[in-house]
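Thanks for coming, everyone. Let me put the model up, and then I will go through a few local features in turn.

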Amino acid sequence: MNIILLGAPGAGKGTQAAYVAKRLNLAYIATGDLFRKAVEQGTELGKQAKYYMEEGKLCPDEITIGMLLERLANPDCQTGVVFDGFPRNLNQAEALDKALAQQSQGIDKVVYIKVSEEELLRRLSGRWVCRNCQAPYHITDFPPQIQGRCDKCGGELYQRPDDATPTVKKRLKVYLAATAPLIDYYTRLGKLVEVDGEGKAEKVAKRIIKALGKGDAVS
Ligand code: ADP
Ligand code: ZN
């Protein structure tokens with residue numbers, strides 16, 4: 001089973017995608033995490049991606065798709081994947097369809113997590129992320145047990161530079177122009193399920209599992 005989580009920055013894709021992957025025993029691929037790791041490690045890919053990320057722009061398709069395909073070739077992806085942050089435009093969606101088709105696979109469901117713009121801005125401005133394992137926190141909604149430290153791995157929490165307000169606004173614009181058309185694309189393919197992304201993370205998670213028709217899957 002291959003699943004895409006679609007939604008604006010701040011819609012909760014990361015939190016939900018990691019949860020769904022674990023619950024359904026699927027691999028988890030977040031292109032944003034892969035890029036951030038490359039930047040941190042100072043690889044050639046990271047050097048290329050850094051400028052775009054800081055500007056709130058999409059990284060060029062060529063490097064993004066290349067990175068995705070490389071990750072997709074890992075054996076852990078054979079039984080299925082939850083995609084977070086990819087595809088982000090039609091070109092990427094078509095590249096993904098093609099790559100999966102070559103393995104006689106395809107996208108089964110696309111979960112569109114819907115959140116109001118006001119709530120998106122509120123969430124992003126309060127977001128803190130673990131530098132080590134990328135787990136997301138929020139200063140009021142989901143604070144860590146020890147301030148500045150990740151509950152899961154003890155790593156340092158930091159605010160992503162692209163969560164600063166001007167960049168957030170730009171990311172939302174990019175989302176509307178490039179990514180929102182994917183809602184149409186997957187609707188036409190009959191794969192889109194819409195889920196209300198407001199409210200507590202656990203509630204949203206339940207809605208997603210239900211929308212995927214997996215309400216009875218073991219937890
Ligand atoms: P968000 O919180 O905006 O969903 P991500 O962690 O998914 O953030 O991505 C952060 C940044 O990494 C994006 O703003 C973009 O520059 C780059 N990026 C991630 N995924 C893609 C993609 N599929 N195509 C192009 N750029 C991407
Ligand atoms: Zn951590």
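Predicted model: local features only at pLDDT ≥ 70, side-chain atom pairs only at ≥ 80, totals over all residues.

Is Y51 buried, partly exposed or exposed? With a relative accessibility of 43%, Y51 counts as partly exposed, where buried means under 20% relative accessible area, exposed over 50% and partly exposed in between, with a 1.4 Å probe and protein chains only. Residues are numbered from 1 along each chain as its sequence is written, chains are lettered from A and ligands numbered from 1 in the order written, and side-chain values use heavy atoms, leaving out hydrogens and water.

A search of the whole structure gives three aromatic pairs, meaning rings of Phe, Tyr and Trp (its six-membered ring) with centres within 6.5 Å, called stacked when the planes are under 30 degrees apart, edge-to-face when over 60 and tilted for the rest. One of them joins Y51 and Y52, edge-to-face because the planes stand at 75°, with the centres 5.0 Å apart. Y185 and Y186 form another edge-to-face pair, at 4.9 Å centre to centre and 80° between the planes; here Y185 is buried at 16%, and Y186 is buried at 0%.

Turning to the metal, the zinc ion (ligand 2) is coordinated through the SG atoms of C130, C133, C150 and C153 at 2.3 to 2.4 Å, donors being N, O and S atoms within 2.8 Å of the metal (3.2 Å for Na, K and Ca), with water not among the atoms, so sites may look incomplete. Of these residues, C133 is partly exposed at 35%, whereas C150 is buried at 5%.
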